[in-house]
Amino acid sequence: MPDLVLRDATTAADLAQVRGLCWAYRDHLIDHAPATRALVEHFYPEDGYRATLEALPGDHDAVLLAWHGDRAVGCAMSHPLEDGSCELKRVYVAPEARGLGAGRALVSELVARAEARGQTRVLLDTLKTLESARALYHGLGFRERGPYAPLPPMEADALCFYEKALT
């Protein structure tokens with residue numbers, strides 16, 4: 001099996017791969033549990049999500065792809081926040097690549113880059129029902145916390161929020 005390789009998504013072809021993975025991520029969240037469909041459609045409305053993806057890299061300070069051989073199998077991005085921290089967004093690994101360490105590699109790389117940029121902490125959120133994602137974040141030293149931005153109760157109740165302080 002070829003090794004896993006991370007690389008910045010900088011070309012039009014790379015960004016097209018990221019967009020495809022992000023749509024798969026949205027579909028995965030919608031299909032994950034019937035109770036979360038309305039939340040996902042509210043949080044990621046199709047038109048708004050399309051606009052966000054078309055604007056990539058937009059205001060992200062990093063957009064990464066994980067490659068396994070000649071196939072893009074995962075993506076993740078980092079968005080700087082005004083308080084000197086950053087938020088990880090759209091961490092996703094395709095089902096056929098789960099177990100290869102792509103999620104761990106993507107998050108670890110974004111954390112290392114945040115630290116190198118002098119950011120003070122890394123924030124992220126995920127659905128409470130995504131147990132493997134939650135286990136990954138705990139394993140990488142993130143701690144659970146409350147919401148870091150105002151959210152409607154429907155969203156805040158369904159999400160788990162994480163923080164990792166950087167040195």
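At 9% relative accessibility, Arg90 counts as buried, because the cut-off for a buried residue is under 20% relative accessible area. The model is a predicted one. Arg90 belongs to strand E4, and its phi is near 50°, a positive value in a residue other than glycine. Most residues other than glycine have a negative phi, and most peptide bonds are trans. Pro57 sits in the loop between helix H3 (46-54) and E2.

Strands of a sheet pair through backbone hydrogen bonds, either parallel or antiparallel.

The sheet can be followed from E2 onward. E2 and E3 run antiparallel and are joined by seven bridges; in one of these pairings, Ala66 has Gly74 of E3 as its bridge partner. The two strands form a hairpin with two residues between them, and Gly69 in the turn has a positive phi of about 65°. E3 then pairs with E4, again in the antiparallel sense, over six bridges. Here His79 stands opposite Glu87 in E4. E3 and E4 also form a hairpin, with five residues between them, and in its turn Gly84 has a positive phi of about 90°. Eight of the ten residues of E3 are buried, so this strand is largely enclosed by the rest of the structure.

Between E4 and E5 the sense of pairing is parallel, over two bridges. The chain passes from E4 through H4 to E5, and this β-α-β crossover is right-handed. Cys86 has Val122 in E5 as its bridge partner. On its other pairing, E5 is antiparallel to E7, with seven bridges. Leu124 stands opposite Tyr162 in E7, and Arg121 has Ala165 of E7 as its bridge partner. Of the seven residues of E5, six are buried, so E5 too is largely enclosed by the rest of the structure.

In soluble globular proteins, nonpolar side chains tend to be buried together. In this model, the largest nonpolar core has 51 residues, and those with the most contacts inside it are Val18, Leu65, Leu88, Val107, Val122, Tyr137 and Phe142. Helix H1 (residues 12-32) supplies the largest share of this core, seven residues. Leu65 illustrates the contacts made by one of these residues. Leaving aside residues up to four places away in sequence, Leu65 touches Val5, Leu6, Arg7, Ala9, Asp14, Gln17, Val18, Leu21, Ala72, Gly74, Cys75 and Leu106.

In H5 (residues 131-139), the buried residues are Ala133, Leu136 and Tyr137. Viewed down the helix axis, the buried residues of H5 fall within an arc of 95°, so they line one face of the helix. Their cover includes strand E4 (86-93), helix H4 (102-116), strand E5 (121-127) and strand E7 (159-165). The face of H5 turned away from this buried side carries the exposed residues Glu131, Ser132 and Gly139. After H5 comes Gly141, whose phi is positive, near 90°.

Notes
Residues numbered from 1 in each chain as written. Predicted model: local features only at pLDDT ≥ 70, side-chain atom pairs only at ≥ 80, totals over all residues. Heavy atoms only, no water. Core = buried A, V, L, I, M, F, W, Y, C linked by side-chain atoms within 4.5 Å. Buried < 20%, exposed > 50% of the residue type's maximum accessible area, 1.4 Å probe, protein only. Helix = DSSP H or I, 4+ residues; strand = E, 2+ residues; numbered from the N terminus. Contact = heavy atoms within 4.5 Å. Arc of directions from axis to C-beta. Pairing = 2+ DSSP bridges. Right-handed = clockwise from strand over helix to strand, strands pointing away.
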